[in-house]
Amino acid sequence: MKSGKIANIFTTIILLLICIALAAAIIIKMFQPKEAISFERMQKEPSVSSSNVYVKEVFPETFVKTLKFYGKAKDDSDTLGIISRTSGYVSEILVSENDQVKEGQIIGYVDPSSPGATYKKAAITAKVDGIIDSIETTVGSYITTGTVFAIEKEEPKYVVKMSLPEKYIDNIHIGSTALLSSSIRSELDTKATVTEISKTIDSASRTVEITLEPEDSSLFLDGLALTIKLVIDQVDDAIVVPSDSISSIGDKSFVFVVNDGIAYQKEVEIGASNDDETVIVSGLSSGDSVVVEGTVAEGASVNIVER
């Protein structure tokens, strides 16, 4: 009997140990192997995705530093009176209001003849190229020497007027240039030259009136609102990048360049800048591809996307 009980106890202990071993194996299989496989796959299958970036391939160019202001186009043409140099009766009027005329063009005749005396008709001529604004007499009317025969307006001669804050007065001079554009007429894009700087500062606004003469005023209208970028500095043969492509760490500046599909960070020295662009004094070479849009990191693989 005693030996039988001992055998049963031994069998029970063996079964219990087998159950514990099976439970341990299940637990290890549920947890440890999955983590180990995941880590192994991470080691064997690294990420190979590349970021898409836009780049600017830099070459020496002319950089223009500007200050942006607003102004208006103004028709600065004159209105002239065309007078008769002879007394007599108006025999002919050859033009009408709003007619375009050329300098020296005959616009009418005055007949100085009187009873018993016949004289050659006197021609009335336009003073300049322009437009007949009004006719001041009628056929058959008697006019005297010095009488205004018609009013002529010069062809539109546009200038640009703007108010310059007095703190910028030392940045410009007669002959300074500017770039003109208009939000109303998007195709308008021309240069202008400063021709007049007022010698009086407005006491209320603390501004000085500036007059500019545009190179091309064919798209101008009297009173047209203009954006004026006054040129205050120019750098020739400059390496220029968009200002947004430059990052700063402390007092150092950096850009990313792409070489053989890999992005590298390069320290650069910056120079003059305006609203959108900055001159790179050193750190870049002609032909470098500078990242101007896209998220990159040092040594990252990138795809250059064409705009």
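**Close-up views of a predicted model**

**Figure 1. Val302 and the residues around it.** Beyond residues up to four places away in sequence, Val302 touches Ser50, Ser51, Val53, Val258, Gly261, Ile262, Ala263 and Val296. The model shown here and in the other views is predicted. Val302 belongs to strand β21, which covers residues 302-304. Its relative accessibility is 5%, so Val302 counts as buried. One of the contacts, Ser51, is 251 residues away from Val302 in sequence. In space, the C-alpha atoms of Val302 and Ser51 are 4.7 Å apart.

**Figure 2. Asp260 in its loop.** Asp260 sits in the loop between β17 (252-259) and β18 (262-273). Asp260 is not a glycine, yet its phi is positive, at about 55 degrees. Its relative accessibility is 76%, and Asp260 therefore counts as exposed.

**Figure 3. Arg206 and its partner Glu166.** Arg206 lies in the loop between β13 (189-201) and β14 (207-214). Here too the residue is not a glycine, and the phi of Arg206 is positive, at about 55 degrees. Arg206 forms a salt bridge with Glu166. The closest N and O atoms of this pair are 2.9 Å apart. The bridge links distant parts of the chain, since Glu166 is in the loop between β11 and β12 (177-181), 40 residues from Arg206. With a relative accessibility of 39%, Arg206 counts as partly exposed. Glu166 is partly exposed as well, at 30%. Side chains of opposite charge can pair when their charged atoms come close.

**Figure 4. Lys161 and Glu209, a bridge between two strands.** The whole structure holds five salt bridges. One of them joins Lys161 to Glu209, with 4.0 Å between the closest N and O atoms. Lys161 is in strand β11 (residues 158-165) and Glu209 is in strand β14, so the pair ties together parts that lie 48 residues apart in sequence. Lys161 has a relative accessibility of 22%, which makes it partly exposed. For Glu209 the relative accessible area is 44%, so this residue is partly exposed too.

Figure 5. Thr211 is placed in strand β14. A polar contact of 2.8 Å runs between the side chains of Thr211 and Lys161. Thr211 has a relative accessible area of 6%, so it is buried. Its contacts, apart from neighbours within four places in sequence, are Val159, Val160, Lys161, Thr193, Val194, Thr195 and Glu196.

**Figure 6. Val160 and its contacts.** Val160 is part of strand β11. Its relative accessibility is 0%, so Val160 counts as buried. Neighbours within four places in sequence aside, Val160 is in contact with Lys72, Leu180, Ile210, Thr211, Leu212, Phe220, Leu226 and Ile228. Thr211, from the previous view, is among them. Val160 and Thr195 are 35 residues apart in sequence. Their C-alpha atoms are 9.9 Å apart in space.

**Figure 7. Lys266 and Asp288, a salt bridge from strand to loop.** Lys266 and Asp288 form a salt bridge, with the closest N and O atoms 3.8 Å apart. The bridge links distant parts of the chain: Lys266 is in strand β18, and Asp288 is in the loop between β19 (277-282) and β20 (289-293). The two residues are 22 places apart. Lys266 has a relative accessible area of 28% and is partly exposed. Asp288, at 18%, is buried, because buried means under 20%.

**Figure 8. An open sheet of four strands.** The strand order is β7-β6-β4-β9, and the pairing is antiparallel. β7 (122-125) and β9 (142-143) are the edge strands, and each pairs on one side only. Strand β6 (residues 106-111) pairs with β7 over four bridges, in the antiparallel sense. Opposite Val110 stands Ala122 in β7.

Notes. Residues are numbered from 1 along each chain as its sequence is written. This is a predicted model: local features need pLDDT of at least 70, side-chain atom pairs count only at pLDDT 80 or more; totals for chains, interfaces and linings use all residues. Side-chain values use heavy atoms; hydrogens and water are left out. Buried means under 20% relative accessible area, exposed over 50%, partly exposed in between (1.4 Å probe, protein chains only). A salt bridge is a side-chain nitrogen of Lys or Arg within 4 Å of a carboxyl oxygen of Asp or Glu. A polar contact is a pair of N or O atoms within 3.5 Å; within protein, one must be able to donate a hydrogen and the other to accept it, and residues adjacent in sequence count only if both atoms are side-chain atoms. Contact means heavy atoms within 4.5 Å. Two strands pair if DSSP finds at least two bridges between them.
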